[in-house]
Amino acid sequence: MKSLLALAVTVVSVFGIAIDGCHCKVVQFIFGDSLSDVGNNRYLSRSLAQANLPYYGIDFGNGLPNGRFTNGRTVADIIGDKMGLPRPPAFLNPSITEDIILENGVNYASGGGGILNETGGYFIQRLSLNKQIELFQGTRVLIRNKIGKEAAEKFFQGARYVVALGSNDFINNYLMPAYADSWTYNDNTFLDYLMDTLRGQLKILHKQGARQLMVFGLGPMGCIPLQRVLTTSGSGGCQARTNKLALSFNKASSKLLDDLSSTLPNASYKFGDAYDVVDDVIENPSKYGFENSDKPCCSFGRIRPALTCVPASTLCKDRSKYVFWDEYHPSDAANEIIANEIIKKLGFLRDDKPGAPSEAPAIAPSSEE
Ligand SMILES: *[C@@H]1O[C@H](CO)[C@@H](O)[C@H](O)[C@H]1NC(C)=O
Ligand SMILES: *[C@@H]1O[C@H](CO)[C@@H](O)[C@H](O)[C@H]1NC(C)=O
């Protein structure tokens with residue numbers, strides 16, 4: 001018995017975290033927008049939300065574009081790494097198989113996508129959260145056919161889920177006069193509409209097996225370089241109204257997650273945001289080792305906003321000193337700060353603090369009791 005236990009421990013440490021009663025691993029399923037996309041939009045050939053050109057990915061792996069909308073890692077990459085979980089590949093990658101999903105999970109995140117179907121319409125192609133959930137339902141069928149109903153149920157209930165959308169629902173929908181939502185709703189009714197939609201989506205995910213799920217909140221999106229360029233005063237300052245909307249979204253989401261966690265059976269649904277820290281980084285960049293917190297590192301000369309970083313763009317000298325990589329997206333260095341803050345808020349183990357006690361719920365192999 002003892003040696004069996006020892007063997008089990010070895011197996012876990014060699015092959016990752018295993019799930020009781022199913023010879024499978026704990027993996028992640030990620031739903032999100034460009035902040036979490038790891039290449040889905042590369043396969044949406046008509047999508048205008050693309051990170052498929054240099055210099056995206058310049059500080060990741062071989063430095064070639066990989067579909068991430070930043071120079072290095074996404075926040076979900078960093079958090080998953082710190083939890084000891086494999087990095088899930090992009091769902092639309094044609095080489096994805098059931099075996100790959102069983103080993104690594106899968107990522108449905110898509111640049112331009114939102115909680116609402118209508119968000120990001122001008123990108124032409126993007127996967128909305130509803131579409132991502134539909135694809136996940138398809139994934140469940142594939143896995144069930146592969147390993148059987150019971151094992152599949154254990155696999156999906158043991159997995160970790162990340163849901164990280166919302167900024168496009170404001171920036172590429174509600175705040176744009178070209179979208180019907182901007183004149184159909186006001187700040188309060190739009191937030192209610194978003195929360196009702198998100199509640200329904202999270203309940204569907206629960207029905208589909210999601211038990212351990214985290215939702216990432218929004219940062220001070222009124223301070224992204226794009227929003228600063230668009231200030232009507234021309235001051236280049238943050239858009240106060242946009243930031244206020246992000247704060248109300250975070251407050252309402254946090255309440256929604258508490259509510260779902262206490263009402264859905266066996267659900268551990270958590271909310272984490274990094275609003276305050278990012279706000280402080282933007283206000284006091286040097287305190288965190290940054291030199292610039294208002295302009296994109298990758299920009300197209302003086303033509304701004306250039307909506308994406310393109311091969312003809314020029315790069316800042318030191319990418320680790322810029323909070324923003326392009327007009328919309330934080331740099332790898334900023335993502336690290338955001339990830340650390342979310343980990344702290346959610347109470348997960350910080351592996352950069354040697355000897356820190358392990359927070360069992362986040363990574364324990366048998367927390368389904
Ligand atoms: C949103 O899109 C999905 C398809 O992805 C569809 O099933 C659903 O009915 C749509 N919802 C609304 C409110 O339009
Ligand atoms: C909740 O967990 C218990 C114990 O693992 C299990 O028997 C039960 O089926 C679970 N319920 C749901 C809805 O997941």
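User: Which residues of α11 meet which residues of α12?

Analyst: Two residues are in contact if their C-beta atoms, placed from the backbone, lie within 7 Å, and helices are DSSP runs of H or I with at least four residues, strands being E runs of at least two, both numbered from the N terminus. Here Val277, Val278 and Val281 in α11 meet Ala334, Ile337, Ile338 and Glu341 in α12. This is a predicted model, in which local features need pLDDT of at least 70, side-chain atom pairs count only at pLDDT 80 or more, and totals for chains, interfaces and linings use all residues. Residues are numbered from 1 along each chain as its sequence is written, while chains are lettered from A and ligands numbered from 1 in the order in which they are written.

User: Is strand β3 buried or exposed?

Analyst: A residue is buried if 20 or more other C-beta atoms lie within 10 Å of its own, exposed if 12 or fewer, and partly exposed in between, with C-beta atoms placed from the backbone. In β3 (residues 28–32), 5 of the 5 residues are buried, so the strand is largely enclosed by the rest of the structure.

User: Which way do its residues point?

Analyst: In a regular strand the side chains alternate between the two faces of the sheet. Gln28, Ile30 and Gly32 point one way from β3, and Phe29 and Phe31 the other way.

User: Which strands pair with β3?

Analyst: Two strands pair if DSSP finds at least two bridges between them. β3 pairs in the parallel sense with β4 (residues 105–107) over 3 bridges, where Val106 is the bridge partner of Phe29, and also in the parallel sense with β5 (residues 160–164) over 5 bridges, where Arg160 stands opposite Gln28.
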